[in-house]
Amino acid sequence: MAIRTIREEGDEILKKVSRKVEVIDEKIQILIDDMLETMHKFNGVGLAAVQVGILKRVVVIHTDYEKEEPLILINPEIIKQKGEQTVEEGCLSFPNKFAKIVRPEEVTIEALDRNGEKIKLTGKGLLAQAISHEIDHLNGEVFIDKILPGTLEYSSPEK
Ligand code: NI
């Protein structure tokens, strides 16, 4: 496993649409392991492959490091969403920037896991927020373009 470089604000790749994964081969397995390691190293809640420069529809999410295993989603698609929540949000590609944003309160998705098995799950609260944020990345959308006006805050780098 290896830590990959996170692409940051201003990098044009973040605006590109990622391609569907056709074959879950060894390269994808290595990518997933590296994404998990990179997300954990920077204490992220989620990471999309585009953020490490790979335009493939692969996402890792980990909302509770202590109680849950990370979620690995390949070719995720939202099939249903419900409600709204106004939440504080950040992104590993926008270090030290945080803002309020409206996300669905609940999302149901279909995806493949790392073994290529179909999974369907419903996430609420933080998980719904993370899924929505990461799927946006796969579509070339970044949170900063959707934030509620006047809510942008900068945290100190030491934090
Ligand atoms: Ni992000």
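Visitor: Glu141: buried, exposed or partly exposed?
Guide: Glu141 is partly exposed, at 34% relative accessible area. Buried means under 20%, exposed over 50%, and partly exposed lies in between (1.4 Å probe, protein chains only). This is a predicted model: local features need pLDDT of at least 70, side-chain atom pairs count only at pLDDT 80 or more, and totals for chains, interfaces and linings use all residues. Residues are numbered from 1 along each chain as its sequence is written, and side-chain values use heavy atoms, with hydrogens and water left out.

Visitor: Which residue does Glu141 form a salt bridge with?
Guide: Lys146, with the closest N and O atoms 3.4 Å apart. A salt bridge here is a side-chain nitrogen of Lys or Arg within 4 Å of a carboxyl oxygen of Asp or Glu. Lys146 is partly exposed too, at 38%.

Visitor: Which residues are linked with them in a network?
Guide: Salt bridges link Glu141 and Lys146 with Glu89, Arg103 and Asp136.

Visitor: How many salt bridges in the whole structure?
Guide: Ten. One of them joins Asp34 and Arg4, at 2.8 Å from N to O. These two sit 30 residues apart. Asp34 is buried at 6%, while Arg4 is partly exposed at 23%.

Visitor: New topic. How many aromatic pairs?
Guide: One. Rings of Phe, Tyr and Trp (its six-membered ring) pair if their centres lie within 6.5 Å; planes under 30 degrees apart are stacked, over 60 edge-to-face, the rest tilted.

Visitor: Are those two buried or exposed?
Guide: Both Phe94 and Phe143 are buried. They lie 49 residues apart in the chain.

Note on methods. Helices (H or I, at least four residues) and strands (E, at least two) are DSSP runs, numbered from the N terminus.
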